[in-house]
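Dear colleague,

Please find below the structure for your review. My notes on it follow directly after.

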Amino acid sequence: MRFAFLLAPLLVLSALSAEAQSYLAQQCVLFGDAQYRRLDGSIERIAALEFPPPTIEKIDMKAGPQPVASVLTLRGRLTYRNRGPLETQFVCLLDATDKPLFFYALPVPATRGAPTPFGRGPGAAPPPSATTALAPQPVQRPPEPPRQPLPATAIRLRGLVRELGGKLQFSPCDGAPMALEDRTPGQELGRALRELTAGQEGRPMFVELYGGREAGPGGGIGALELRRAAVETAGCRERFDQREWIASGSEPSWRLEVTGRDMMLNVAGSPAPQRGAHGGLSRSPGAGVSYAASDDPGFVVVFEERRCIDPLSGSLFAYAVEVRSEGRSYSGCAAHNPAMPAP
């Protein structure tokens, strides 16, 4: 999980009074409540618990480009509209003026259903036990950039991006490094690199993108549209073989594979994977593509072309997926086989 390094030993414990720490906890809760309710409509509110009292510790670090001066931890409660509440532990990163920058939940053992990942359908039933792992949400996160028409000369590329000496470098999976110019809407590529690598210069990020050759002497690649970004992945070594889609999600952990003939869903805790043959993809205007098992009409997979952020790793995908199986619904992110034509 991003920001896991915060669990390492921190610096000197702040001498703030209990009243001051409680006030900061309330400010963090207000900030986190707004963030999470905007991203997950099933959350009604986030509240701080009085016991144990919140603690604050001074640190000197950066979360992406933003300096962090202190970390406040508190016990809190997530209240949902469609199921019982969940108690968990929250972390709030603050700047030098005690303004909240990030707010997220630490993984803790849960005795009841864990929070629903962002985007899960309202009909999803909670698992019997799970682990809370809500991703950090930055303040005023920019909206998803609109997709712009790509020029006919745009090509599909896969490789590693890193920042060296303040400049971006792209190393294709099958070629030598070259200069990279970020021309994505809102410079989404550069923003993803800073967030996923925590601003560590030289740390590589795997990407799939559309781009084109830059004109002029020494011209490199101009990135036009980011399709995938991750640091916790096999990257160029990833093998799709005969699979058209690979998708995954959490709470509970699950993985889906779709080939040209069948699809297989593996859910953590299930005795065996569910496999079913399908009759090919179906297209619906504005609703992406879907697959349905030929012998089980309740086993349906829908892929939608829209930005999807994995809540545990922060990885970016070009496709979101919803799987319906045995009366349950699973939402997650999906990658399409780059060797096959885009759906």
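In the hairpin of β7 and β8, 2 residues lie between the strands, and G165 adopts a positive phi near 60 degrees. Please note that this is a predicted model.

Strand β7 (residues 155-164) pairs with strand β8 (residues 167-172) in the antiparallel sense, over 6 bridges. Within this pairing, V161 stands opposite F170 of β8. Strand β7 also pairs with strand β10 (residues 205-213), again in the antiparallel sense, over 7 bridges. There, L157 has L209 of β10 as its bridge partner.

The structure contains 3 disulfides. With the bonded cysteines numbered in sequence order, the pairing is 1-2, 3-4, 5-6.

C28 and C92 form a disulfide with their sulfur atoms 2.1 Å apart. C28 belongs to helix α1 (residues 18-39) and C92 to strand β4 (residues 86-94), so this pair ties together parts that are 64 residues apart in sequence. C28 counts as buried because its relative accessibility is 0%, and C92 is likewise buried, with a relative accessible area of 0%.

In the disulfide of C173 and C236, the sulfur atoms are 1.9 Å apart. C173 lies in the loop between β8 and β9, and C236 in the loop between β11 and β12, 63 residues apart. C173 is partly exposed at 34% relative accessible area, and C236 is partly exposed at 33% relative accessibility.

A further disulfide joins C308 to C333, with an S to S distance of 1.9 Å. The torsion about this S-S bond is about -75 degrees, so the disulfide is left-handed. Both C308 and C333 are buried.

Yours sincerely

Methods: Residues are numbered from 1 along each chain as its sequence is written. This is a predicted model: local features need pLDDT of at least 70, side-chain atom pairs count only at pLDDT 80 or more; totals for chains, interfaces and linings use all residues. Side-chain values use heavy atoms; hydrogens and water are left out. Two strands pair if DSSP finds at least two bridges between them. Helices (H or I, at least four residues) and strands (E, at least two) are DSSP runs, numbered from the N terminus. A disulfide is a pair of cysteine sulfur atoms within 2.5 Å. Buried means under 20% relative accessible area, exposed over 50%, partly exposed in between (1.4 Å probe, protein chains only).
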